[in-house]
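Please keep the model open while reading the points below.

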Amino acid sequence: MRSVFKNETFEKEYYLCYEKSLENFEMDFKSDYVSTTFGETHVLRFGDPGKKPLVLLHGMTMSSTMWYPNMKQFVQERCVYAIDIIGDFGKSKPTVPIKLRKEGQLWLLEVLDALQLNKIDLAGHSMGGFLSLNFALAYPERVSKLILYAPAGTFHKMSAKFFTKIYPALLFHTEKTIDRAFRWFSGKGEPLEPVFRSQVIAGYRYAKPLLQVMPSVFPKEEFQNFHTPTMLIVGDKEVIYPAHKAVANAKTVIPHLEARVIPGASHSLTIEHAGNINELTKLFLQI
């Protein structure tokens with residue numbers, strides 16, 4: 001089995017930070033692993049299992065603990081499954097890296113089958129948004145509704161500045177470079193919440209992502225038979241691409257798209273503008 005962590009000691013240190021971040025949710029949950037072709041995938045379940053499932057895919061290097069400002073609201077409408085993307089920072093344990101979009105689709109399909117989730121609502125942030133649409137395009141019969149929070153790539157090429165900000169954090173993994181990257185993602189220019197920040201820093205210091213799929217713009221022809229109700233939420237201060245251009249591009253391939261641009265929000269919108277995100281998500285799920 002391969003590991004994103006440099007050694008077992010670092011893995012244990014990261015897991016301690018991960019468990020501490022889970023305290024931010026202030027609610028009960030179930031933690032479990034499911035087997036896939038690509039390794040053991042870690043899943044957190046929140047809320048009433050009798051409710052319709054909502055599956056969440058986190059942003060790159062953030063893990064499922066990033067959803068702490070949203071979960072109490074989401075569980076009012078759904079039973080929520082937060083999945084640690086295999087090969088990224090988190091508690092999933094990869095055996096082989098995901099290199100192709102098709103492999104990403106197969107991985108998530110195997111996770112849903114293992115969880116016995118036949119039809120879901122699916123939401124993702126950044127890289128998680130890219131992977132969510134990637135799955136919905138391949139298996140539309142498995143997705144009732146799709147929510148994309150500032151998806152990486154997807155509808156617009158990412159800014160070159162993104163790579164100049166994130167790679168120093170991955171290469172040098174100092175607090176300064178990591179904080180600089182996440183302040184850039186912030187519409188308010190603020191650092192991450194302290195406990196969650198400690199986990200993110202531990203990830204950059206102690207691990208190296210094995211996920212090798214690069215987010216890109218999906219070709220228009222892939223949407224010809226795409227009819228899944230979809231909501232796209234971006235901030236007007238988004239830094240990885242121009243927000244309004246991304247929305248305009250999205251509307252050309254998803255004619256009935258529900259799009260929202262949040263004033264003052266940037267890439268960290270699910271955390272910094274959780275109130276808006278939670279309300280928009282709940283309303284979309286209720287329709």
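1. Basis of the note. This is a predicted model, in which local features need pLDDT of at least 70 and side-chain atom pairs count only at pLDDT 80 or more, while totals for chains, interfaces and linings use all residues. Residues are numbered from 1 along each chain as its sequence is written, and side-chain values use heavy atoms, with hydrogens and water left out.

2. Helix pair. Helix α6 (residues 175-185) packs against helix α7 (residues 194-206) at an angle of about 120 degrees, and their axes are 10 Å apart. Helices (H or I, at least four residues) and strands (E, at least two) are DSSP runs, numbered from the N terminus. Axes are lines fitted to C-alpha atoms, for helices over the stretch in contact, and angles run from 0 to 180 degrees between N-to-C directions. The two helices, α6 and α7, are therefore oblique to each other; angles under 35 degrees count as roughly parallel, over 145 as roughly antiparallel, 65 to 115 as roughly perpendicular and the rest as oblique.

3. Contact residues. On α6 the contact is made by Glu175, Ile178, Asp179 and Phe182, and on α7 by Arg197, Val200, Ile201, Tyr204 and Arg205. Contact here means heavy atoms within 4.5 Å.

4. Salt bridges overall. The whole structure holds 12 salt bridges, each defined as a side-chain nitrogen of Lys or Arg within 4 Å of a carboxyl oxygen of Asp or Glu. Salt bridges that share partners join Glu175, Asp179, Arg197 and Arg205 into one network.

5. Asp121 and Arg78. These side chains meet in a salt bridge at 2.7 Å, N to O. Asp121 lies in strand β6 (residues 120-125) and Arg78 in the loop between α2 (71-74) and β4 (79-83), so the pair ties together parts that are 43 residues apart in sequence. Asp121 and Arg78 are both buried, where buried means under 20% relative accessible area, exposed over 50%, and partly exposed in between (1.4 Å probe, protein chains only).

6. Glu222 and Arg101. The closest N and O atoms of this salt bridge are 2.8 Å apart. Glu222, in the loop between α7 and β8 (230-235), and Arg101, in helix α3 (residues 101-114), are 121 residues apart. Glu222 is partly exposed at 29% relative accessibility, and Arg101 is partly exposed at 22%.
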